[in-house]
Amino acid sequence: MRTAQLELMTFEDYIQFHQQAYTNYKIQLDELKAIMKGKSLNTYYQPILDVQQNEIIGFEALNRPVSTIFNNVDAFYDFIGTSRQVFAFERLCRNLSIQRFHERLSNEGKQGIPLLFLNIHPNVLLDSNYSIGETRQILNQYSFTPEQVVFELTEKCAVTDFDEFARVLNHYRQQGYRIAVDDVGSGYNSLKTLIYLKPEFIKIDRDLIQQIDTNRSQQQLVQILVDYAKQTNTKVIAEGIERLDELQFLQRAGVDYAQGYAIGRPEEEITFKCLLTI
């Protein structure tokens, strides 16, 4: 009898757990849809520095939700990945990023329009619903060109069919867009991703960059990536820089570009001033 009661309690707990999980999912999904409908996203732009010329060459667009439901930004984006709203949300972010970039660029910035890095989930580019030429239309609306746009793909999102994905990327390259692979060094497919996708930019994960001036192992691995990039005409962007010593080491190592709080935090207003001078 006691065993049967325990089994019954376990089953009841199981049902209650899944009911609560569904309720939480529904609350979060409703919140996501409300955010999308109201365009309740703050768009920030983080500068990318040319460490050899000591000048800002572009900005990464970052969209953050205005929400009390999601505990943090990572939880928000993790939830989007579990929903069926990935394509619609990515399209909204792309459009807002381009529109607000145009609105916030000063007249000085518009004369030599910098690069705009747009975060794109790899699956979106493979989605049959993705309308060819849609990005080009909004770029034309704000007098931008594909040559000024870099599609930034996170290496943490696994690519399974490399041949098909390479074919799709080449289609976008033919229009003038360029490709950056983010978080290189953080996943299992880093080398395969670089070989098959042949990105124009490699963004080295912050875990390989922070304290690099004092860590020999990190230095050796980053130097391998820099040497590979030079042989393949690829530009290297070091992420997560928070100290001048890190930046100075990366400059000596031959890294092309750098990004991090020490250079400039994500801000709604666009500024070409760098916090650090080399």
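These legends walk you through several close-up views of a predicted model.

In this predicted model, local features need pLDDT of at least 70 and side-chain atom pairs count only at pLDDT 80 or more, while totals for chains, interfaces and linings use all residues. Residues are numbered from 1 along each chain as its sequence is written, and side-chain values use heavy atoms, with hydrogens and water left out.

**View 1**
Strands here are DSSP runs of E with at least two residues, helices are runs of H or I with at least four, and both are numbered from the N terminus. Two strands pair if DSSP finds at least two bridges between them. Strand 4 and strand 5 (residues 178–184) run parallel and are joined by 5 bridges. Look for Val 150, which stands opposite Arg 178 in strand 5.

**View 2. Phe 117 and Phe 201 form an aromatic pair.**
Rings of Phe, Tyr and Trp (its six-membered ring) pair if their centres lie within 6.5 Å; planes under 30 degrees apart are stacked, over 60 edge-to-face, and the rest tilted. This rule gives 16 aromatic pairs. Phe 117 belongs to strand 3 (residues 115–119) and Phe 201 to strand 6 (residues 201–204), so the pair links distant parts of the chain, 84 residues apart. Phe 117 is buried, at 0% relative accessible area, and Phe 201 is buried at 3%. (Buried means under 20% relative accessible area, exposed over 50%, and partly exposed in between, with a 1.4 Å probe and protein chains only.)

**View 3. Phe 151 and Tyr 172 join a strand to a helix.**
This edge-to-face pair of Phe 151 and Tyr 172 has 5.6 Å between centres and 85° between planes. Phe 151 lies in strand 4 (residues 149–154) and Tyr 172 in helix 7 (residues 162–175), so the pair ties together parts 21 residues apart in sequence. Phe 151 is buried at 0% relative accessibility, and Tyr 172 is buried at 6%.

**View 4. Six aromatic residues form one cluster.**
The members are Tyr 25, Phe 70, Phe 76, Tyr 77, Phe 79 and Phe 89.

**View 5. Arg 265 sits over the ring of Tyr 261.**
The charged end of Arg 265 is 4.0 Å from the ring centre of Tyr 261. A charge sits over a ring if NZ of Lys or CZ of Arg is within 6 Å of the ring centre and within 35 degrees of the ring normal.
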